[in-house]
Amino acid sequence: MPTQRFTKVYGVQDAKIAPLTADPAGGSPTYGSLIDVPGIKSFEISGDVEVKQLRGDNTKLASNSAISNIQVAVTHAKVSLDVLVAILGGDVTDSGTGTTETARWDLKGATATMPSFKLEGVTPENGTDLIGGDFHVILHKLTLAGFPDLGFAEEDYRIASFTADADPLLSTDDWISIVLNETAVGIA
């Protein structure tokens, strides 16, 4: 019997980004290694629909609509230098030894490439109506829609966030996928 096609969606347990390294028309997309979005707090998808109306004879004759944008907003508890490279560009340099070790992310004009990336989020096991199941949302090709929210907060934790716009892949036309698993699986 097929898995049911409806569910509650409770919580977000994990999210990962993978840099899009190739998207050839008529081919298959390729992605770099998965990068954890640490301390994922929310993963919200919204979209815009453009509606055109045809009017004549002092009345509405027809209307047509099309999706004009799909956007995701992500908040996460910890800043990841590797995530910054995947969504903005730049380079991370590790140096030093022992107590002088540093990890440094630098964004320069030449390295601010705004690369495309894939994002996948998943509920915890049992975050669905299916006991032992989970719910995945995959946005196959994203580009940053604004500079990520970074920085500090007085006497409080600073939550990092970013928004990105989705586009269909050239290779497969995949735009967004939602997968309801009867048995929970990790992001792969």
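In which loop is the place of Asn 58? In this predicted model, Asn 58 is located in the loop between β4 and β5. Its phi is near 60°, a positive value in a residue other than glycine. Asn 58 counts as exposed because its relative accessibility is 75%, and exposed residues are those over 50%. A positive phi is also found at Asn 126, with a value near 70°. Asn 126 is placed in the loop between β8 and β9 and is partly exposed, at a relative accessible area of 40%.

Strands β6 (residues 91–95) and β7 (residues 102–106) run antiparallel and are joined by 5 bridges. Ser 95 stands opposite Thr 102 in β7. The two strands, β6 and β7, form a hairpin with 6 residues between them, and Gly 96 in the turn has a positive phi of about 80°.

The largest nonpolar core comprises 27 residues, and those with the most contacts inside it are Ile 17, Val 37, Val 72, Ile 87, Leu 119 and Leu 142. Two or more residues are given to this core by each of β1 (14–22), β4 (40–56), β5, α1, β8 (117–122), β9 (134–144) and β10 (160–166). Leaving aside residues up to four places away in sequence, Leu 142 touches Val 72, Pro 115, Ser 116, Phe 117, Leu 119, Ala 164, Asp 165 and Ala 166.

Val 79 lies in the loop between β5 (59–76) and α1 (81–88). With a relative accessible area of 49%, Val 79 is partly exposed.

Key: Residues are numbered from 1 along each chain as its sequence is written. This is a predicted model: local features need pLDDT of at least 70, side-chain atom pairs count only at pLDDT 80 or more; totals for chains, interfaces and linings use all residues. Side-chain values use heavy atoms; hydrogens and water are left out. Helices (H or I, at least four residues) and strands (E, at least two) are DSSP runs, numbered from the N terminus. Buried means under 20% relative accessible area, exposed over 50%, partly exposed in between (1.4 Å probe, protein chains only). Two strands pair if DSSP finds at least two bridges between them. A nonpolar core is a set of buried Ala, Val, Leu, Ile, Met, Phe, Trp, Tyr and Cys residues joined through side-chain atoms within 4.5 Å. Contact means heavy atoms within 4.5 Å.
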